[in-house]
Amino acid sequence: CKNWVLLILLTGPAVSGSVVKGNVGQNITVPCFYRVRRGEDLTSMCWGRGSCPVSKCYQTIIWTDGWKVTEQYNSRYTLKGNLLMGDVSLTIVNAEEADSGIYCCRVEISGWFNDQTSNHNVVIEKARISTASPHTYTSEQTSASGTASESSFTIGRTWPSVSASEAPQTASSLCSSTSDCLDITSNLQNVSVSLPIQQYSENGVYIGIGLCAVLLVILILALFLT
């Protein structure tokens, strides 16, 4: 019996545990429960920093008598569970990196070495910041409204605008019906044929005038000689 007692004192009771991870600024809940079947099962318990010792808690941060919190050493450590149902989970409000470490949950149960203990490893990390490089957009993007302020600008050559009077007229704008288009086509052909004939008649007039002038000069010379 003495050896058994010494073994328990040296090794302590069986301890369960878990790993709880969170980020800085979050509310972290470290779970801890014990069975409550009737009112007589409600009992005192404590939370402390470091592994659970043989009795009580090291660096105690909170105590409860089973019905309510009796001692609280830091307002950021609180019990938000239903104590009457055996939920004594610890909530760390606005967690900091300094809150990382081992936490002990000890539920005091009557009798020798009957306490329910559990060690929990709490890891508080900084929130990860995305390091993805920004995308570079090279294509022209225009919003649905098509406004100049919402569209990207591109460098290009600007052609001078042409007024309606200077714009060339197409066949569709010249004719409104099939007969009109046929008349226009025939007129164009007549113009193209009459132009050379008119040019030839004008040349003949010039030649006739030239011959008359020559004959007139010869006549004057003959009169002068005689």
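**A tour of the disulfides**

Select Cys105 first: this residue is buried, with a relative accessible area of 0%. The model on screen is predicted. A search of the whole structure finds 3 disulfides, and Cys105 belongs to one of them, with Cys32 as its partner.

The sulfur atoms of Cys32 and Cys105 lie 1.9 Å apart. The torsion about their S-S bond is about -75 degrees, so this disulfide is left-handed. The pair links distant parts of the chain, 73 residues apart: Cys32 sits in the loop between β2 (28–30) and β3 (45–49), and Cys105 in strand β8 (residues 101–107). Cys32 is buried, at a relative accessible area of 3%.

Next, select Cys46 and Cys57, which are joined by a disulfide with an S to S distance of 2.0 Å. Here the torsion about the S-S bond is about 80 degrees, so the disulfide is right-handed. Cys46 lies in strand β3 and Cys57 in the loop between β3 and β4 (60–64), 11 residues apart. Cys46 counts as buried at 0% relative accessibility, and Cys57 counts as buried at 10%.

Then move to Cys52 and Cys104, whose sulfur atoms are 1.9 Å apart in a disulfide. Cys52 is found in the loop between β3 and β4, whereas Cys104 is in strand β8, 52 residues apart. With 110 degrees about the S-S bond, this link is right-handed. Both Cys52 and Cys104 are buried.

Finally, select Cys212. Is this residue buried or exposed? Cys212 has a relative accessible area of 53% and is therefore exposed, the cut-off for that class being over 50%.

Key. Residues are numbered from 1 along each chain as its sequence is written. This is a predicted model: local features need pLDDT of at least 70, side-chain atom pairs count only at pLDDT 80 or more; totals for chains, interfaces and linings use all residues. Side-chain values use heavy atoms; hydrogens and water are left out. A disulfide is a pair of cysteine sulfur atoms within 2.5 Å. Helices (H or I, at least four residues) and strands (E, at least two) are DSSP runs, numbered from the N terminus. Buried means under 20% relative accessible area, exposed over 50%, partly exposed in between (1.4 Å probe, protein chains only).
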